[in-house]
Amino acid sequence: MDLYTEGDPIADTKAPDGPIETRWERRRFEAKLVNPANRRKMTVIVVGTGLAGGSAAATLAEQGYRVKSYCYQDSPRRAHSIAAQGGINAAKNYRNDGDSVHRLFYDTVKGGDFRSRESNVHRLAEVSVNIIDQCVAQGVPFAREYGGLLDTRSFGGAQVQRTFYARGQTGQQLLLGAYQALERQIGLGNVEMNARHEMLELIVVDGRARGIVVRDLVTGEITTEFADAVVLASGGYGNVFYLSTNAKGCNVTATWRAHRKGAYFANPCYTQIHPTCIPVSGDHQSKLTLMSESLRNDGRVWVPKAKGDNRRPKDIPEDERDYYLERIYPSFGNLVPRDIASRAAKNVCDEGRGVGPTGLGVYLDFADAIQRLGRKAIEAKYGNLFEMYERITGEDPYEVPMRIYPAVHYTMGGLWVDYDLQSTIPGLFVIGEANFSDHGANRLGASALMQGLADGYFVLPNTIANYLAAGPFETVDPSHPAAVEARRDVEDRIQRLLAVNGDRTVDSFHRELGQIMWDHCGMERSEAGLRKAIDEIRALREQFWQRVRVLGDGDGLNQSLEKAGRVADFFELAELMCIDALHREESCGGHFRAEHQTPDGEAQRDDERFAYVAAWEFTATGEPSVLHKEDLKFEYVHPTQRSYK
Amino acid sequence: MNLTLRIWRQSGPEDKGRMVTYQVDDVSPDMSFLEMLDVLNERLILAGEEPVAFDHDCREGICGMCGLMINGNAHGPQRGTTACQLHMRQFKDGDTIDIEPWRARAFPVIKDLVVNRSAFDKIIAAGGYITAPTGSAPEAHSVPVAKANADAAFESAACIGCGACVAACPNGSGMLFTAAKVTQLSLLPQGQPERYTRVIGMVDAHDEAGFGGCTNAGECTVVCPKGIPLNTIGRLNRDYLKATAKRGDTPGS
């Protein structure tokens, strides 16, 4: 049987034409509006309360819509955006170092290895400046200079200093800003907040997204919830790899369930492996911890020149060290983009020059920076990160270089959306990491926070009005056949998971799935490996449904049951990721196919054949998906081989 | 190493609950405390016993979801460290470890080690924000903020809302949590217009949620994984006093 079939291309992304600088303004002008009195009559469901979902829910409520917000955590403040460390990009050009909206746009398209949509990225760069204004007004305590103005620093893939930050906790501070705006709306009665609730199904009525099925994680109660539009802001799917920098609860269920109901899933194979994470220490490992990319501003990455050199790092003299990023990429040095830094680390470890007990690690050394700037200055910049490193590893990074290794961090793929951030199901909007739109095949550092807040504060609240202008839609109640069916599907699935009562835990399956994905759909992919992975995933999925053991029942808090449902969806996603990776016979950004590389080992794109977005349509379980291509046109940034040398 | 765990088990809010003893062997010193509980849970499931429910998410000390009383200390023995960042190298072979949920009137137990902390959200909803609807913000550089104030605001803003301060307080007070937000926002020029209504709203919500009053015991700041200083409560009290004096003032007076 074929792994997939090909359907019609995607003809229209609804992006306006004309000069790129005017497109967003034109779209806003041409979009229909909803008058304030009518907004009160309409309800919007927002799933997820991270930077995208939290900011969208707050903004929609400020505009006058009734909002119902859902998160699986015990409070909206805990969404995983909170863990973003480094910073947020904005084209303010406060440094007078040549930055501009156009340069941020250019860097992002190039950084994404020419696999993103120019119109969307330009809009992102335009609204980036408004985000900083908005967050400062909310009281986000960004780092400042002595004169009281905002400080900025550099991040990978850029030669200007456009990254705003709040020590190593930028995501936390931005999220708390959005959370506080959301809580204000909750207090005013404009948002109904449902924490510890998980979306398990989408309800589609007459072709429109009209509601969701949710499970109250405390009581186990399953309910159907309705609205005029549904917004998914449920984050990325990095946890398909089991080990990642994502929070333990991060999952693909909300977007996957929508995919099964008709929303196309775009570029699932584009995953970001972050170069600077603390290496795995043993089989018990439950997650990986990122060390912010900002550390690469002052830390130097190196391994010994000789294979198997296991002397202590300080006993290895300068001329026996290989500062390989500085050597291979002299113009960007330690600040090359993430995909490049990760693969370079993998290569030196594959050569047998890795460090640490497992040989899967490289040094990130601050000795030079400490000597140049003093320990105090390094403490002020990175103190909390150094402490975190020491707590986890038991080693003091002021004395011994950090050991780091790449880990899964972010997923550029996600549900396909048009310029309005609407999926292929009318009324279903997708924002933040959950969509695919802005980062192409590789996301630049400090751009996830920018995109989440751009979507939530400024883009969606404008574009959703164009859809809602046709509303309010006919009322749907829980007895509608579509709602009854969706609810029954959820209940059946839970009963099925509880009924297996086999001999393996959910985690044991999840770990095994993650290992298959890491080995064959990780930093380097090959045709043989991906075919093997697809077979293994299918066999393991079958095992899962025969042997998984979930104790207890569905009538209360049952954390194993929650995990089991999420892992079941990861199995289906994993297969699609491998098929997507297999069909894309080129290397681009985070997708590196061993068969497609330049003589010096860099990613070799094939723009003739693959300058498109791969949007996958679900057909039926076990049946091949249908591939729809959206051709990418580059009118402003002409594709070249990315060079950071 | 081999450990004896005594863990609070409670099937639901109505259950009285009890300590149950478990033996866990072959624990690696490189495991985090929660990974050690994962190992226990995997074994319990295979033995047909319900795993221990505990809250956790990011496992990197920032989301604030985890919270365990470990040998009577909120988040365990290591200062400035959440339970998820605590590693087993802090314990010795043969140790007995007591693990309990946060205990406070405002944080009722849901199951085992999981408690309901939604009272914290209610405090924020009652004023823990600056009113700045999307789109209304002025240029970011139009209002400079002295670095010292920005840094101090950041220090208070680092609160992760885990609730350790409440669990450690003999009165079950949420004053450190409340004061951290009051301090952050009152140090910034953007926070001035709502400064006094904010503190009254938040303190009222705090009291209504069933938290106790602050008697300067200082346990909260000792267990706080982010080191929120006790003097934030002093700042809150000063603002609260001024705010009560201002009640009924005519605008501009």
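Two strands are said to pair if DSSP finds at least two bridges between them. The model shown in these views is a predicted one.

**View 1. Strand β11 of chain A and its parallel partners.**
Strand β11 of chain A covers residues 229-232. This strand pairs in the parallel sense with strand β2 of chain A, residues 43-47, and four bridges join the two. Within this pairing, I45(A) has V230(A) of β11(A) as its bridge partner. Strand β19 of chain A, residues 428-430, also runs parallel to β11(A) and is joined to it by three bridges. Here F429(A) of β19(A) stands opposite V231(A). Both faces of β11(A) are covered. A229(A) and V231(A) are buried on one side of the strand, while V230(A) and L232(A) are buried on the other.

**View 2. The open five-stranded sheet of chain A.**
Five strands of chain A make up an open sheet, and their order is β13-β17-β16-β14-β15. The pairing in this sheet is antiparallel. Strands β13(A), residues 271-277, and β15(A), residues 321-322, lie at the edges, each of them pairing on one side only.

Five bridges link β13(A) to strand β17 of chain A, residues 402-411, with the two strands in the antiparallel sense. H274(A) has A407(A) of β17(A) opposite it. Although β13(A) is an edge strand that pairs on one side only, the strand is mostly covered, with seven of its seven residues buried.

**View 3. A cis peptide bond at P472 of chain A.**
The peptide bond that joins G471(A) and P472(A) is cis, with an omega of about -5°. P472(A) belongs to the loop between two helices of chain A, α12 (448-468) and α13 (481-500).

**View 4. D113 of chain A, a residue with positive phi.**
D113(A) is found in the loop between α4 (101-111) and α5 (118-137) of chain A. The phi of D113(A) is near 55°, which is a positive value in a residue other than glycine. D113(A) counts as buried because it has 25 C-beta neighbours inside 10 Å, and the threshold for a buried residue is 20 or more.

**View 5. The loop between β4 and β5 of chain B.**
The loop between β4 (73-74) and β5 (96-100) of chain B contains R89(B), and H75(B) is also placed in the loop between β4 and β5 of chain B. H75(B) is not a glycine, yet its phi is positive, at about 70°. Because 27 C-beta neighbours lie inside 10 Å, H75(B) counts as buried. R89(B), by contrast, has 15 such neighbours inside 10 Å and therefore counts as partly exposed.

**View 6. The surroundings of R89 of chain B.**
Apart from its neighbours within four places in sequence, R89(B) is in contact with P29(B) and with G394(A). Between R89(B) and M31(B) the C-alpha to C-alpha distance is 7.9 Å, whereas 58 residues separate the two in sequence.

**View 7. The two domains of chain B and the contact between them.**
In the domain assignment, chain B has domain 1 (3-111) and domain 2 (117-246). The centres of these two domains, taken over C-alpha atoms, are 29 Å apart. In the contact between them, 18 residues of domain 1 of chain B meet 18 residues of domain 2 of chain B. On the domain 1 side, the residues of this contact divide into eight nonpolar, eight polar and two charged.

**View 8. Chain B as a whole.**
Chain B contains eight helices and seven strands. Along the principal axes, its C-alpha atoms fill a box of roughly 70 × 40 × 35 Å. Of the 253 residues in chain B, 51% are buried; H75(B) counts as buried, and R89(B) counts as partly exposed. Among the contacts in chain B with a separation of 6 or more, 72% are accounted for by residues 24 or more positions apart.

Terms used: Residues numbered from 1 in each chain as written. Chains lettered and ligands numbered in written order. Predicted model: local features only at pLDDT ≥ 70, side-chain atom pairs only at ≥ 80, totals over all residues. Buried ≥ 20, exposed ≤ 12 C-beta atoms within 10 Å, placed from the backbone. Domains from an automatic or database assignment. Contact = placed C-beta atoms within 7 Å. Nonpolar A, V, L, I, M, F, W, Y, C, P; charged D, E, K, R; others polar.
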